[in-house]
Amino acid sequence: MNLEEANLDAEKYAVPENVASGASSSLEEQAYGISERSLLRKIDRHILPGVCILYLLSFLDRSNVANARLDGLTKDLHMTGNQYLTGLTIFFVGYILFEVFWNIILKRIGPKLWLPSITLAWGIVAILQGVVVSNGGSSVMVGFFFVRFMLGLTEGGLFPGVVFYLSMWYKRQERQYRIALFFSAASLAGAFGGILAYGIGFMKGVGKLSGWRWIFIIEGLLTCVLAIAAYWYISDWPSKAKFVNEDERAFINARLKADSDATQNEAFTWSNVVQALKDPKPSIITALGYTAAQAQLLTIPPYALATTLTVIYALVSERFNRRAPFIIVSALTAIVGYCILLGNPLPTERPGVSYVGTFFAAAGIYPAVALALSWPAINVSGQTKRAAANALQITIGNLGAILGTQLYRSNTAPRFILGHSFALAYLVANIAVVCTIWAVLSRVNKQRDERAATGVIHDGDWEGDEDPRWRFSV
């Protein structure tokens, strides 16, 4: 069932106008006899674990190539350093190509079918990475490049899709924490991937296969198994989900209708897509002189710290209902990390200094990205526009990843001055952009408040985030 049909079906649960137009949560609770806090916990239990599992698998299957490299991938395939980096770049080319289109499909066919299907698809591709054969040279690298491209293509539908999916379940001020929790699966995958790769590495020689091949095969099989199970544990849109009863469904529609556009029967139009388009570490650690096994284990603590801080930042930011200040603080933390990395002239002789730098970098980057990713989900009104905006944001962000994959070249090890310098520059630019958005959105809110104070009442059709009744979250 597509989203339009689901919304039509939801109209029979529509809340009375006097409740939907601005009544408090306590009045809604009294009207329906339901505890909002208990229902929210129930939604969390049924929605968040499933999507977090899928994103953990996604990040695990894209990033395990770094673990495979430590276990001999480039040596066995007779790759040059540039060929390996090209494989990383091609992944992101595939990743960004159809992100907006994938969200349009999600809106049409629903999350219960779409999210497990794309997970199963990339799981199969991930397994194929473990059987690619190469004897060196550009012509025989086609197989490796092709599976990396297809992995990016199939994974590209998950992240923007889940961000949009969460925006259809939660009120605006509830979305940031959930999106950040979902994104924290990325840093968790970094920690978990190091442990898993360390253990799988001991399978070297089993079936006459190298350890790096088993990393791809086993982790890909894990993805396929959990993807098949996801057809049962991923829920549909609120109007069709089976874990809520009819009274709870009515209450969900009431609270969402009073807060955002999530229950509106918005038909798909390409004009809304156009409107969105127009709206303004493992390589570092192993280079320090550690063995492959040591490097796999040393990646775990920085990622674990990043996971913890991502959740903490999200909770505090949601508590104070502010995004920009916390993104800026987080970016400054990462800047400290890259300054430490750049300032260490002898990384192999003083690896501890650079290792501390990776802690600061991870502790700053992951929370900043998680907070930034929640902004369109909170501030863009209009279902199709928000779906396109979420995907467009991630697409543009991954254009930077395409460049990033070419910056950490083996001939720049162990200092990686080029890569660290670009990362530092991006973080400074990030702060500048966030400050600009903060100022612009605050000015728009002030203008709309001043208009409302004059007694001018806008009682026409809802105009999305262009509507004078809408207030942006900063």
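Guide: Leu97 lies in helix H6 (residues 81-97), where helices are DSSP runs of H or I with at least four residues, numbered from the N terminus. The model is a predicted one, in which local features need pLDDT of at least 70 and side-chain atom pairs count only at pLDDT 80 or more, while totals for chains, interfaces and linings use all residues. Residues are numbered from 1 along each chain as its sequence is written, and side-chain values use heavy atoms, with hydrogens and water left out.

Leu97 counts as partly exposed because its relative accessibility is 49%; buried means under 20% relative accessible area, exposed over 50%, and partly exposed in between, with a 1.4 Å probe and protein chains only. Together with Val93, Phe98 and Phe101, Leu97 forms a nonpolar patch on the surface, with about 340 Å² of accessible area in total. Such a patch joins nonpolar side chains (Val, Leu, Ile, Met, Phe, Trp, Tyr) within 5 Å, from residues with over 30% relative accessible area and no salt bridge, a salt bridge being a side-chain nitrogen of Lys or Arg within 4 Å of a carboxyl oxygen of Asp or Glu. The areas come from the Shrake-Rupley method with a 1.4 Å probe, and for residues only the protein chains shown count as cover.

Helix H7 (residues 99-109) is largely enclosed by the rest of the structure, because eight of its eleven residues are buried. Those buried residues are Glu99, Val100, Trp102, Asn103, Ile104, Ile105, Leu106 and Lys107. After H7 comes Gly110, with a positive phi near 95°.

Terms used:
Patches are made of residues with over 30% relative accessible area and no salt bridge: like charges are joined within 9 Å, nonpolar side chains (Val, Leu, Ile, Met, Phe, Trp, Tyr) within 5 Å. Helices (H or I, at least four residues) and strands (E, at least two) are DSSP runs, numbered from the N terminus.
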